Amino acid sequence: MGNRFQVQDRFAAGAQYIAGELRSGTSGRHHDVVNPATGEIVYTYELASTADVDAAVAAARAAFPGWSGATPGERSDALHRFAAVLAERAEEFAYAESLQCGKPAKLTAEFDVPGTVDNTAFFAGAARHLQGQSAGEYSGDHTSYVRREAIGVVGSIAPWNYPLQMAAWKILPAIAAGNTIVLKPAEITPLTSLLFAQAATEAGIPDGVVNIVTGAGKDAGEHLVAHPDVVMTSFTGSTAVGKRVAEIATATVKRIHLELGGKAPFVVFDDADLEAAVHGAVAGSLINTGQDCTAATRAYVQRPLYDAFVTGVAELMESVRVGDPFAPDTDLGPLISYQHRDRVAAIVERARAYATVVTGGEAPKRDGAYYLPTLVTGAPQDSEIVQAEIFGPVLVVLPFDTDDEGIALANDTPYGLAASAWTGSVYRANRATREIKAGCVWVNDHIPIISEMPHGGYKASGFGKDMSVYSFEEYTQVKHVMYDNTAVARKDWHRTIFGDR
């Protein structure tokens, strides 16, 4: 992978990006960015303090009048330039993402980075289409129309599993709609968020429109959410932390957008293409080493296909190549940290008491936070490994008999972010997409996302949408404007307040 650089040199000025420049945090506490494939420290920086958050919010607030007052065409042009800068630096972004996350180079180069460039190009076009309802005389005596207006300073918090894409998902719709933003990335993976903000400046997006504060959630994160000058919070992360974010945000009556945990079902009916389902299950469960809130985690397979499915998935998982993220033939990288690897391993170990580990279930004998692709069968529906979000390369397979049972099992967790149905029947597919309670239901595939379509959940997976024009529902204020057309001083309705007809 080309365009490698020394991270400590590139970000020597610090891991905060405020008003168009890098600066050091002022908390007095330092943090290490660690390559999870080797355990090597690649960057040490000072975390943001609450004063740094205040400075970033002030910069965003100062930039808001000018940016929100720009024409849609001007914002669109800036975002088109932004997409071009990102495309030019694709290799650099892919390298940084693999370095801090342990993602295989082919995943960052073919999925994370191109997806982010495409998202940027999409919102460059969408910036010109912030339209409200057309004018009309709905009362007979008045003309009404709807304006969509930017809401102000957005304070967003992004997770560590897709740092680049999540930065884009938070920043792009917000600024396309005319808002300014302060983003807090996960402190363990700040590198590509900082590169993203620098690229925005290089593209001509004004200073203060995009700001990054890299600090701890309890300090910088909570202060950002509670800040009186922040009018909206968008958070992606666990359901438990999402509840805390909502609690803080509602204290100041902020708009909130939450994309939380998932436990995606993968429902295989007995008329499915078995080979396609096996390949889809392995790909869908192992993407990003399973650290994906939409990853396939629970496969429900109708009994006639169950045994063959289990055998096929086990064989394919055992062929997956675990190794150096920068090696071109590596399929699966490490988990994000040793601590997280141990958490995933502990869930699998506890499951041995009530289920069967068909393959995997251990760390390979190599340095790094690796864990082998793991297939589990025989787990009860109410068990931890079926109900809890594992966030690792673990797939649980359970059988079902009737279609009713399969759909009921798919819905039987608190989550509702994503799901898939595998069938050759349009009737079964229509029923599954209608009755499975999830924000995205794929048919005969699992994982693909596109910029034009929304992403967001049901139930404990949160509410609101990323990507697509639907995301503007989060980042714009809808205003009704109404004009009197009569030029009459005393309106007929006034008699309900004073006088007679």
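**Exercise 1. Strand β6 and its partners**

Four bridges pair β6 with strand β9 (residues 232-236), and the two run parallel. Task: which residue of β9 is the bridge partner of Ile157, and is β6 buried or exposed?

Solution. 
This is a predicted model: local features need pLDDT of at least 70, side-chain atom pairs count only at pLDDT 80 or more, and totals for chains, interfaces and linings use all residues. Residues are numbered from 1 along each chain as its sequence is written, and side-chain values use heavy atoms, with hydrogens and water left out.

Step 1. Strands (E, at least two residues) and helices (H or I, at least four) are DSSP runs, numbered from the N terminus. Two strands pair if DSSP finds at least two bridges between them.

Step 2. Find the partner. Ile157 is bridged to Phe235 in β9.

Step 3. Look at the other pairing. β6 is joined to strand β7 (residues 180-184) by five bridges, and these strands run parallel. Here Ser156 has Leu183 of β7 as its bridge partner. The chain gets from β6 to β7 through α6, in a right-handed β-α-β crossover. Right-handed means that, with the strands pointing away from the viewer, the path from the first strand over the helix to the second runs clockwise.

Step 4. Check burial. Buried means under 20% relative accessible area, exposed over 50%, and partly exposed in between (1.4 Å probe, protein chains only). In β6 (residues 153-157), five of the five residues are buried, so the strand is largely enclosed by the rest of the structure. Val153, Gly155 and Ile157 cover one side; Val154 and Ser156 cover the other.

**Exercise 2. Leu172 and Pro72**

Task: state which residues Leu172 contacts beyond its sequence neighbours, then do likewise for Pro72.

Solution. 

Step 1. List its contacts. Contact means heavy atoms within 4.5 Å. Leaving aside neighbours within four places in sequence, Leu172 meets Leu79, Phe82, Asn119, Thr120, Phe123 and Phe196.

Step 2. Turn to Pro72. It is found in helix α3 (residues 72-88). With a relative accessible area of 38%, Pro72 is partly exposed. Not counting residues up to four places away in sequence, Pro72 touches Ala127 and Arg128.

Step 3. Relate the two. Pro72 and Leu172 are 100 residues apart along the chain, and their C-alpha atoms are separated by 14 Å.

**Exercise 3. A helix pair**

Task: how do α4 and α7 run relative to each other, and why?

Solution. 
Step 1. Take the geometry. Helix α4 (residues 90-101) and helix α7 (residues 191-202) pack at about 155°, with axes 8 Å apart. Axes are lines fitted to C-alpha atoms, for helices over the stretch in contact; angles run from 0 to 180 degrees between N-to-C directions.

Step 2. Classify. Angles under 35 degrees count as roughly parallel, over 145 as roughly antiparallel, 65 to 115 as roughly perpendicular and the rest as oblique. α4 and α7 are therefore roughly antiparallel.

Step 3. Name the contact residues. α4 supplies Glu92, Phe93, Ala96, Glu97 and Gln100, and α7 supplies Leu191, Thr192, Leu195, Phe196 and Ala199.
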